[in-house]
Amino acid sequence: MNPLLIPDSPRRWDCLSLGEVMLRLDPGENRIHTTRHFQVWEGGGEYNVARGLRRCFGLRTAIATALADNPVGRLVEDLMLQGGVDTSLLRWVPYDGVGRQVRNGLNFTERGFGVRAAVGCSDRGLTAVSQLNQATTIGRRFSEARMERSGSTREVFSQRFSASTAQVAAEAMDAAHSHQTPVSYDLNFRDSLWKSIGGKPKAQEVNRDLVRKVDLLLGNEEDFSAMLGVKLKGVSEDFDELPDWRI
């Protein structure tokens with residue numbers, strides 16, 4: 001029986017997420033390139049789901065991730081603890097002193113105003129989670145979760161793309177299914193995270209394999225086109241006009 005259909009499931013977590021947690025720097029009403037002050041938050045596609053389920057619905061959630069063991073990483077951890085997400089699966093990676101080998105991800109995000117959309121600037125090369133090379137260490141923990149939330153590969157891969165990180169996502173999904181734990185997956189295409197490693201063709205190659213292991217797939221028209229190569233009628237190349245899909 002699907003554990004999500006059991007109201008009082010004995011499993012430890014209602015949702016176990018796998019992905020990167022970054023330090024988000026918010027310039028408020030200013031621009032990134034002119035501000036002198038930032039507010040900091042924690043953020044990441046998969047982590048946000050876990051935090052939202054915890055804070056909005058009171059569910060038990062956890063995040064499987066990795067951070068470089070330095071003051072920035074400890075700040076991210078502190079923010080995660082304030083979010084109520086279980087950090088027992090957080091892996092600490094020794095820091096080399098300057099970030100030549102491992103770093104923590106930074107995400108600068110401007111707020112949108114009127115017709116101007118929000119603007120983001122990622123600094124995510126060589127992050128700790130992008131260097132994970134196996135999921136076997138957390139595989140057995142999926143027996144303790146009612147749902148596994150895998151990231152779109154923008155979170156799992158970060159800027160340091162490698163075949164091993166694709167394998168981590170696949171192994172995590174297989175482990176979840178072996179424990180009858182449903183898997184959700186968010187396509188959410190980010191051009192900035194793929195353009196230096198093969199662009200849309202590489203994104204489609206990787207994601208077409210991974211989505212075969214997914215129970216719940218999330219995305220919009222642009223995501224399905226960019227990440228899977230799905231051809232959609234009535235959709236322009238830049239997605240500035242979308243057809244009415246209502247029936």
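## Salt bridges, a pocket and a threonine

D14 and R60 form a salt bridge in which the closest N and O atoms are 3.0 Å apart. A salt bridge here is a side-chain nitrogen of Lys or Arg within 4 Å of a carboxyl oxygen of Asp or Glu. D14 lies in the segment before β1 (15-18) and R60 in the loop between α1 and β4 (61-69), so the pair ties together parts that are 46 residues apart in sequence. The elements named here are DSSP runs numbered from the N terminus, with helices (H or I) of at least four residues and strands (E) of at least two.

A word on the basis of these values: this is a predicted model, where local features need pLDDT of at least 70, side-chain atom pairs count only at pLDDT 80 or more, and totals for chains, interfaces and linings use all residues. Residues are numbered from 1 along each chain as its sequence is written, and side-chain values use heavy atoms, with hydrogens and water left out.

### Charged pairs

The structure holds 12 salt bridges. Side chains of opposite charge can pair when their charged atoms come close. Among the pairs is D174 with K213, with 3.0 Å between the closest N and O atoms. This pair links distant parts of the chain, since D174 sits in helix α5 (residues 163-178) and K213 in the loop between α6 (199-210) and β10 (216-218), 39 residues apart.

E205 and K202 also meet through their side chains in a salt bridge, at 3.4 Å from N to O. These two are three residues apart in helix α6, so about one helical turn separates them. Salt bridges that share partners also join R31, E110 and R116 into one network.

How accessible are the paired residues? The table uses relative accessible area, where buried means under 20%, exposed over 50% and partly exposed in between (1.4 Å probe, protein chains only).

| Residue | Relative accessible area | Class |
|---|---|---|
| D14 | 8% | buried |
| R60 | 33% | partly exposed |
| D174 | 39% | partly exposed |
| K213 | 24% | partly exposed |
| E205 | 47% | partly exposed |
| K202 | 21% | partly exposed |

### The largest pocket

Rolling a probe the size of a water molecule over the atoms shows where empty space is left. On a 1 Å grid over the protein atoms alone, a pocket is an open set of points where a 1.4 Å probe fits, with protein on both sides within 12 Å along at least five of seven lines; lining residues have an atom within 4 Å of a point. The largest pocket has a volume of about 370 Å³, meaning the space filled by probe spheres set on the points.

Its lining has 20 residues, and M22, R24, N107, T109 and R190 lie nearest the centre. Elements giving two or more residues to this lining include β2 (22-26), β3 (39-43), α1 (45-57) and β6 (106-110). By class, the lining has four nonpolar, nine polar and seven charged residues.

### Cysteines and T35

How many disulfides does a search of the whole structure find? It finds zero, taking a disulfide as a pair of cysteine sulfur atoms within 2.5 Å. C15 counts as buried, at 2% relative accessibility, whereas C56 is exposed at 60%.

T35 is in the loop between β2 and β3 and is buried, with a relative accessible area of 8%. Its side chain reaches the backbone oxygen of H37 at 2.9 Å.

Technical notes:
Nonpolar A, V, L, I, M, F, W, Y, C, P; charged D, E, K, R; others polar. Polar contact = N/O pair within 3.5 Å; in protein donor to acceptor, adjacent residues only side chain to side chain.
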